[in-house]
There are 2 protein chains.
Amino acid sequence: MNFPSNIFNSHPKQDGDFFLGVTDILGFKPKRLEIYKKAFLHRSVNRKDKKGNPMNYERLEFLGDSMLGTIISRYLYNEVPEGDEGYLTKMRSKIVSREHLNELGKDLNLIKLVESRIPKTHFGDNIHGNVFEALVGAIYLDRGYKYCEKFIYDRVIGPYVDIEQLEGKVISYKSLIIEWCQKQKKSFNYNVYEDTGKDELKHFAVKLSIGNKVVAKARATSKKKAEERASKRAFFALQDRIG
Amino acid sequence: MNFPSNIFNSHPKQDGDFFLGVTDILGFKPKRLEIYKKAFLHRSVNRKDKKGNPMNYERLEFLGDSMLGTIISRYLYNEVPEGDEGYLTKMRSKIVSREHLNELGKDLNLIKLVESRIPKTHFGDNIHGNVFEALVGAIYLDRGYKYCEKFIYDRVIGPYVDIEQLEGKVISYKSLIIEWCQKQKKSFNYNVYEDTGKDELKHFAVKLSIGNKVVAKARATSKKKAEERASKRAFFALQDRIG
């Protein structure tokens, strides 16, 4: 545990846990922990600041949503020099779609840090994406633009954004594998399990079996990504027979 | 003229003029002038880059629109701690409204730098706001987040954003003056003229006369602002009689 031990002098035990949890997710140290506390505070807790203003993650979500859009916009601007503004807008919507952000927030297991009066099992899917946006807002306020950009590159663009896939130019390898198995009347199984190991970030491993034989393995930060990776490997391994 | 004279060695004369024009608008020196050239390039010119991609300001507009929204979001987050995310969203829309951006772009006289095949008199109002957004995008690419923030504070938030006025808590002083004059059957006249003087930015001066007497003068970066300022002065000068 690589942080000054005096953190325990100024904060109670649970703050130390929270600090570690946030540092794990961010990949760098937070400076003003209270901002991140707000990013994980659900309105059901009904907390107010000294001036009587409600404290919860909704205002940070507003801020993070905007910053996330800006950094994705810049990424797309550089990455797709041939795309016009209509294309860029469409791609940005795909990347920051509610569904996509919920998946991201879920993979980062943000919910474990959420403070709420509602049992966490009662939440719908949107809480994952909302807290993810609030977290981006908190980083923006705490560490500024550069750290926000780093976080979004490390946690969103790197592991999730594949422009060709978003464009639909690359077909899903998983769908190719399933199609082939069905045609060949072969059984198949994607065996997915959590395998975080020593990574600071949650990881999933998958073993893809066709018939009774494991044909490919893969590991990634989301189930979908791990399955797709294993499928791609299987596809190239089986290429002669599939093609 | 406070820039290295060797700029004239590497650029033809019109680049020097463009450099000066952009520096005036920005309030700081551009680094990569070619990015700003793009920000003022209308699609009608039909220029393409080496790879055959169309060159005009529309992609930069996409980028600038997003960055502008983010910086205004952060400003509002800090400025209005009691506003919930719905309120913040509403206020942001008011500030970055098409009408408002067009006014901004017009006051900065951005159109004078626009390169186009269409006569400038044929453009509608939206070109002013669009080029303004593109310019923000260009600053973002050329100088990064901090300069964008500075530009938006200097050119948008400082001179234009008055939260109380946007909220409608403060009534327009101009409308109070007009109402009073009409009630009193007095003639009034707002005499507005350009008075940029030594400022790097375009300025307007206004003389407000009631009856035949000049009752207030004011100067600002927009006609509206100058009129409002003069009205406020007149209002307080005439307070005993109006109130």
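## Around A:Glu133, and how the two chains pair

In this predicted model, A:Glu133 touches A:Leu60, A:Glu61, A:Gly64, A:Asp65, A:Arg98 and A:Leu101, leaving aside residues up to four places away in sequence; contact here means heavy atoms within 4.5 Å. Residues are numbered from 1 along each chain as its sequence is written, chains are lettered from A and ligands numbered from 1 in the order in which they are written. Local features need pLDDT of at least 70, side-chain atom pairs count only at pLDDT 80 or more, totals for chains, interfaces and linings use all residues, and side-chain values use heavy atoms, with hydrogens and water left out.

**The annotated site**
- UniProt, in an unreviewed entry, puts the feature "active site" at A:Asp65 and A:Glu133; its positions follow the numbering used here, feature names are shortened, and annotations may be inferred rather than shown by experiment.
- The two span 69 residues in sequence, but no two of their C-alpha atoms are more than 5.3 Å apart, so they gather at one spot.
- A:Asp65 sits in helix α4 (residues 58-79) of chain A, while A:Glu133 belongs to helix α7 (residues 126-143).
- A:Glu133 is buried at 3% relative accessibility, whereas A:Asp65 is partly exposed at 37% (buried is under 20% relative accessible area, exposed over 50%, partly exposed in between, with a 1.4 Å probe and protein chains only).

**Chain A overall**
- Chain A has 12 helices and 5 strands, taken as DSSP runs numbered from the N terminus: H or I of at least four residues for helices, E of at least two for strands.
- Its C-alpha atoms fill a box of roughly 70 × 45 × 35 Å along the principal axes.
- Of the 243 residues in chain A, 50% are buried.
- Take the contacts in chain A with a separation of 6 or more: 54% come from residues 24 or more positions apart.

**The two copies**
- The same surface serves both copies, with 100% of the contact residues of chain B recurring in chain A.
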